[in-house]
Structures are given as C-alpha cells and as structure tokens.
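Here's a quick briefing on how two chains meet and on one residue worth a look.

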Amino acid sequence: MRPVLSYVAAALPVDIALEEQFTTKAQQRHAAKFGMWCWLITELLLFGGLLLVATVLRVLHPASVSAAATHLKFWIGASNTVVLICSSLTMSGAINASRLGLQTLMVRCMLATGGLGSVFLLLKAYEYYRDYQEHMVPFLDWRPYALPHDHASRLFINDYFAATGLHGVHLITGIAILLVLTRQASRAGYLSLHQNRIEIFGLYWHFIDLVWIIVFPTLYLVNRG
Amino acid sequence: MSLSESLLHRDPAPGRGTIGRPPDYLHDEHTLRSWFFSIDHKRIGILYLLSITFFFVLGSIAAGLIRLSLVVPNGAIFSNDTYNKLFTIHGVVMVWFFLIPSIPTTFGNFLLPIMIGARDVAFPRLNRLSWYIFVCGALFTLFTIVVGGVDTGWTFYAPFSTTFSNTWVIPALLGVIVVGFSSILTGLNFVVTLHTMRAPGMTWFRLPIFCWTMYATSLIFLLATPVITIALLLLVLERAFGIGIFDPALGGDPVLFEHLFWFYSHPAVYIMVLPGMGVISEIVPAFAQKKLFGYRFVAYASLGLASLTFFVWGHHMFVNGQSEVASLSFSLLSFAVAVPSAVKVYNWTATIYKGSIKLDTPMLYAMGYIGLFVLGGLTGLFLATLAIDEHVHDTYFVVAHFHYIMVGGTALAFLGGLHYWWPKFTGRMYPEGWGRVSAFFIFIGFNTTFFPQFLLGYLGMPRRYHTYPPEFQLLNILSSAGSLILALGYIFPMIYLVWSLRYGKRAPANPWHARGLEWMTTSPPPKHNFETPPTVDFEPYDYRDRESRV
C-alpha cells in the first residue's frame, strides 16, 4: 500500500465548471446540493407510504404482524445494516478525498462503496432465497404460504417485500450510477471540472443508507417482541 | 440610471426593428431538433402548452360525450361500460394531464425564470427530461384509451381497481405514476430556482405573487406526489402479482388506499388552484393599475393553503366509517382552509376598488374567476359540514362544486393568463373583440352547465350514474346545452390565437403597462431572457405613479 503522503503529493486542483444558467460557482454548488435535498425529501415520502402501511398493519393486526415478523431473518438484516453504514463511511471518505483533490484515493473509496453495496445485495438475495425456502413468499401461487390461516400476516410480508424491494431498486440504481461516476471520475482533470458531482452523489448514497436504517427497525425490530 | 427608472415610463414602440438585438427565442433556431432537444425554459414551456392543449381537447371530448349521454334519462346512447370508461378517461386526462401540469409547466416554465431575472431554471436539462417523462406517461394513457379504456373512475378505488375491473387498469396507473415524476422534477426545479437563481435585489418579498404560488405548488409536488406514486404502485403490484395490501379478502384495508390516495389528491386540488390564484394576482393589479392590496397576506396565504391542504384529506371520507373524532377534526380543518382562500379573494377585490379598471379579456377572465371561485369555495363549506355532506356526498352537488373550482377557477385562470401573456409568448396581440366574446361565452356556458348540477345533486342525483329518474331530465338537458356554449367558448380562442400567430398585431414589450420583470424585456424575450442581466431596485406591483395620476 502506498504511504498516505504520496496521495497528498498527487493532489489535483478541485473546482467545478460554470454552467451558463448560473452567475457564480457558489450559486451553482448551492443549487445542485439543494436540488438533491429536494429529491431526497420526495424519496423519503415515497418510502413513507410503505412504512405507514407497515405501521397501520401493526396497529390493526398486532398478533399476525408479530407472527410474520419472527420469520424475518434478523441477523441478515442486522449484518446488512452494518454493511451499509460501512459503505456510507467509505463514501464520505471519497467525498473528503475529492475535496482534497486526492483522485486515486477517491476512486478507491468509491469502488469500496460499490463493493459494500453489492455485498448488501448478495446478502439480501440470500435472505429472499431463505424466505422462499421457508414458504414465506405469500404472493407466489405455486408456493404454499407458511402461515395459511393468518391472512393479515400476508399483508405484512407483502409490505416487507415491497419496501425492501423498493430499497433494493434504489441500491441497484445507486451502484449503477456509482460505477459510471467512478469511471468518469477516474479520468484526468475530472476533479477540476465536476468535483461537486461526487458530493451530490454522496448525498444520495447516504440517503439509501438512511432509508435502510428506518426500514430495518420498522419491519424487523419493533415487531419481534 | 437604473433599469427600473429607464423602463418604468416607456414601452418600446411596436414593431421596433431588430437590428442590433439578439434574435428572440422563437427565431433563434428553426429546426425541429432545436425545439425537441431545447433546454430553453421558454421553448419547454411552449412544448408543454401544446401537449396539455392536446389533452384538454381529449378530456373535453370525453366530457361532451358524457353530457350527450345524459340528455336522455334511460341511458340509451352509450352502454353502461362505455359510460364508465368515458367518465374515467375524462377524469384521468383532465386531472393528471391538463389541470395539474397546466399552469406550472406552461406559464411557470416560461415566466418563473424571467420574473426573477434569471437566465433559465436551475436545472435546464432536468426540465427537458420532465417534458419527456410527461410524454412517456401520456403514451401510457393514450395506449389505455386506444386499446379499450379503463372504468375505475379517476380515483382508482380498491378493491374494484385491484380485483374486479376487467379493463386496462395497469397501463392507466402506470401513466399516472410516470407523469407524477414529471411533476416532481418540475416542482424540484422551481423550488431550487426560486431559492438560488433570483437576480440581485430580487428579495423574497419582491417576488410577484405568481412566484409565491409556484413555490407553494412546487412544495406540494415534492411532498405529496411521491405518496400517490407509492399508493398506485402498490395497486399495480396487487393487480399484477397479487402482492396485496388493500385486498379485504386477505384482511387488507381498502380504506387505507383511500387515505393514501387523498393524502395526495386533496393537495393536488391546490396544485390546480394555487397557480390560478397566482395568475389572477398578476392580472388584477395590471388591469386595475393599482398595487396589489396586502401583498404579504396574499403571499403568506399561498403558503398557508399549501400547508393546510395536507391535513384535510379525510373530508373525502366522511361516510366511509372513519371515527367521529377524525371526521370532526377534518371538518374543522377544512373550514380553516376558507380563511386563506378568503384572504385572497378580499385582497383581489380590494385591489380593484378605486382602481382605473380596464375590462380587457384577461380581466374579464379574472373577474369570472373570482365569482366562480367564491361560489365553488362556499359550496365547499357545505361539503365540509358533516351533516350536509351525509346528504350530498357522491352526488352531482360534489361534481358541481369541484368543477366550479377546477374549471371555473383553474381553467379560467389558465385562459386569462394565456391571453395576458400571449403577447409575451408569441410577440403578437390576440384580437381583443373575439377575446371578450369568448370570455363571455365561457362564463355563460360554464354556469349553464354546472349550476343545474348543484340543484340535481341537492335533489339526490348520484354522480357516475348512467341513468336517472325522468324528473331530472330538464336540468340535465340544461346542463348539456350549457356545455355546448362552453365548447364554443373554448373553440374560439383555439382558432383566433393560432390566427394571431400570423396576422395578429405585433406586440410591444409591455402592452398592458404592467409591472414586473417579464414586461421589461422584449416580446418575445431573447434566448437568455434579458439583454443585460437585471438588477431589481423596485417593489412588486409598483403602480403608484399611475395611481396618483388617476
């Protein structure tokens, strides 16, 4: 591994290119960041609908929801929480490196972030597979449901699939954007033209992490007792 | 000499030569490519204008067929299924493809950056993307109509939409979901533009009220649209894959869908109404040549409406078994909505008082708007009253009420704004005489169409029914006859506005002697809106000099 100082020596100028609709670069940076925050608020309400459904179901059918929730794979969910938090750490590493102009370090941090995101997806896929094995996939006609007499528990499991599926779609999108961005950002001179794109993407990535941190307790934790 | 001083008292002469001036946005480039791939907010606004006009025509044809069917009480003209599809298409198209995008995506896109003195919106490419997303959603909807339609009503209530309907529910839902993203992106763009792109000196309280209402509308776009996206997505999942949430056969709760649906769709009413209020707040001071009365109150009332509207969705569900406490709370909150609405109406009226009023076409529409909005708003109070709502719920009384707000409000404001800014959009004047005639036709036609529906509803005629007792026929025929007059009122502008593109008088920069940055640039504006970036050192609606002259 290269010593840290060699990264510092390789530091590049950090800036953004002014687009024609803006007057100053500070304005452009502010607008970009603000725009992403607005998008994240919208996304939060998108998940809010699903989390509300989970909460309503818990109030309407507490016993059924508990019975279903004990079938969720708590330890896989918990491990995934840790994985995503680590990926947020590497992403903020990438952001800080980009601010300092340390392109190589930044690219490595971004690759690590993508790797951790993929680990999450693999674990999630394994979890879905276990659900399938345990007959906990109520919407598949050919797979008899494990709790056939508990109709309301189906709703909760359906919501679990909808919420984690939607989160998975966000994560897949996030990884895809991350890979494209990493490819672009590894080119020479990128940081002097588009440094703030790393920051903007970072916000989105942290959001994916944050949503999981809300989804995990809402689905897995509070219903176990 | 500052910009405001140099421009305050003179209007550039009509037909002034273009030598030494950059070409305006219409003549900058001529290829189709330069339109369809343009990131200029003005061109995107025009693309939206054409798109929503198309959908307005489509929705109006469906409405015309509904009125045709209701001329006879026995429903002999269309089959029940066809009738169900007609009112569903009318609702879906008018709500999601005309009313919601109408003013924000056309006037908002075109005018918002100019009104705040910016070169463009904050994210021009995102703006273009939002139009393409709109078109994509539109294609789903057109597909639905072409292959056979959908019969759930625009509300898509479960479990009919998820389990029992045998029509094209999924493509219709996808169309609405997709077009929602277009709204979200437009709202996002406007919020960021208003926060970051204002010209030097353009403080928040120097913004025209139109910008305030765009801001309030955009907040609703951002905060409410995702909720209907997820609710409709769950419907799609339930219908397509059996991933049920709302199915009562599984212990699910169809009322939950109604909650999620109205959590968006009530605020959506304000997405439709607030921009109209913004347009009226521009027209009234210009044609009374008087400062807008109580500027801050009107601005705050917009935000007040945008906030209150998130807490009244339950008034759509008074008779579906929600608790009495919930109903009473929603009733009370719904009454509260009357306060900011009334603030606006009183302020417009006070602006007109002792103004030097010119009854040109935009002002005629504005006056019509105020009258119809008051009627629509007051009948809203009837519906917010629990006991009366029990009686008139799901009757034509409700239909008449929301058409007074949606058509009498939004559509009139849209047409008023279209005439008011037409010189700015196109560089041409519309024929004033025809404008007044069609405004008159619309006012008469609208009232003849929808006032009888208040009576029908009060007498007990339910909405969405194909047949009715013969004693209701007279009022129904009156309503259908009114819709013909209304249709004429819509057809006239479509003809003379297109005519004016070629034969209309050339418009000066400021034909109405109005205030605001959009009137300080040429008609039509150059590509980047201003020849020199403006600095704002004047208050909004600064009509004082003319007032003292009066």
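How many residues does the contact take from chain B, and how many from chain A? Keep in mind that this is a predicted model. The count comes to 31 residues from chain B and 30 residues from chain A.

**Chain B's side of the contact**
- On the side of chain B that touches chain A, the elements giving two or more residues are helix 7 (169-196), helix 8 (209-241) and helix 9 (254-288) of chain B.
- Helix 8 of chain B puts in the largest share of that side, with 10 residues.
- Sorted by type, the residues on that side of chain B are 21 nonpolar, seven polar and three charged.

**Zooming in on A:Asn158**
- You'll find A:Asn158 in helix 6 of chain A, which covers residues 151-185.
- A:Asn158 counts as buried because it has 27 C-beta neighbours inside 10 Å, and the cut-off for buried is 20 or more.
- Setting aside neighbours within four places in sequence, A:Asn158 is in contact with A:Pro138 and A:Phe139, and also with B:Ile243, B:Gly244 and B:Ile245 from chain B.
- A:Val137 sits 21 residues away from A:Asn158 along the chain, and their C-alpha atoms are 8.0 Å apart.

**What the record says about chain B**
- An unreviewed UniProt entry places "domain: Cytochrome oxidase subunit I profile" at residues 29-537 of chain B.
- In the model, that span of chain B is 71% helix and 0% strand, and its end C-alpha atoms lie 34 Å apart.

Technical notes: Residues numbered from 1 in each chain as written. Chains lettered and ligands numbered in written order. Predicted model: local features only at pLDDT ≥ 70, side-chain atom pairs only at ≥ 80, totals over all residues. Helix = DSSP H or I, 4+ residues; strand = E, 2+ residues; numbered from the N terminus. Buried ≥ 20, exposed ≤ 12 C-beta atoms within 10 Å, placed from the backbone. Contact = placed C-beta atoms within 7 Å. Nonpolar A, V, L, I, M, F, W, Y, C, P; charged D, E, K, R; others polar. UniProt positions renumbered as here; feature names shortened; annotations may be inferred.
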